[in-house]
Structure formats: C-alpha cells, structure tokens
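Hi there,

Here is the structure I promised to pass on. My notes on it follow below.

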Amino acid sequence: QVNLVESGGRVVQAGDSLTLTCDANGDTLRRYSIGWFRQAPGKDREFVAAISWITTVYEDSVKGRFTLSRDNDKNAVHLQMNNVIPEDTAIYYCAAKQDSYDLRSGYGYWGKGTLVTVSS
C-alpha cells in the first residue's frame, strides 16, 4: 500500500510558476501510474494530468503550461505549473494506481491535497 502526501501549494499571482510534489511512502512510485486531479470551490473534482510507465497525458486546459515528471531517486512525482491563471485555483490531489489503463480514472490511492490559489 502506498501513502501519498502532496506539497507545494501556495498563493501565487497570475503568470507565476510553482511546483507541486507528490511524495510517497510505503511503496515505490515506479510501480504506479500517478494522476493529479483538482477541485475548485463549488465544482466537481477534475482530471489534470497523469503519468504511467509509457506515457503522460494532460487535460486540455493545462497542456503547454503544466509538466508532469517522475523523480525516482526521491520517490516522488512533480507537477510543474507555469503561467498559472485564476482558473487554476483549486485543491490539487495526487492519486496512484497499479495499472496504466484509462489514466483519467480508476485510482485507488489518494493524498489529502494541497491548495493552490491564483490571484489576478
């Protein structure tokens, strides 16, 4: 079983950059597909990006601005967020699963989230 902890959320201004990190303990993240999701105030949780062993996928609104990468030495996954906009304001969650099918759903392990607030 893997335990996930997100960090890096903070208040930033539109156009800024920040990096969210998903740290794991209990197992190695290399065995898992990792997804990032977000939930804005008053809205449903939505898919942001995911990385498997062979591919990385992004939701359309973050393509070209967000980059997902693995840090195997630190057993972590990073979500680099560039040129953020107010619509990126949300609680960001990382999630893990042990298959690489349909990276937008089916995650069984979740962190508790980290808050990103983008001011205009």
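**Aromatic pairs and the rest**

There are 5 aromatic pairs here, a pair being rings of Phe, Tyr and Trp (its six-membered ring) with centres within 6.5 Å, where planes under 30 degrees apart are stacked, over 60 edge-to-face and the rest tilted. Please keep in mind that this is a predicted model: local features need pLDDT of at least 70, side-chain atom pairs count only at pLDDT 80 or more, and totals for chains, interfaces and linings use all residues. Residues are numbered from 1 along each chain as its sequence is written, and side-chain values use heavy atoms, with hydrogens and water left out.

Tyr32 and Tyr109 pair edge-to-face, 6.0 Å centre to centre with 90 degrees between the planes. Tyr32 is buried at 1% relative accessibility, while Tyr109 is partly exposed at 26% (buried is under 20% relative accessible area, exposed over 50%, partly exposed in between; 1.4 Å probe, protein chains only).

Tyr107 and Trp110 are edge-to-face too, at 6.4 Å and 70 degrees.

Finally, a disulfide (cysteine sulfur atoms within 2.5 Å) joins Cys22 to Cys94, S to S 2.1 Å. The torsion about its S-S bond is about 60 degrees, so the disulfide is right-handed. Cys22 and Cys94 are both buried.

Best wishes
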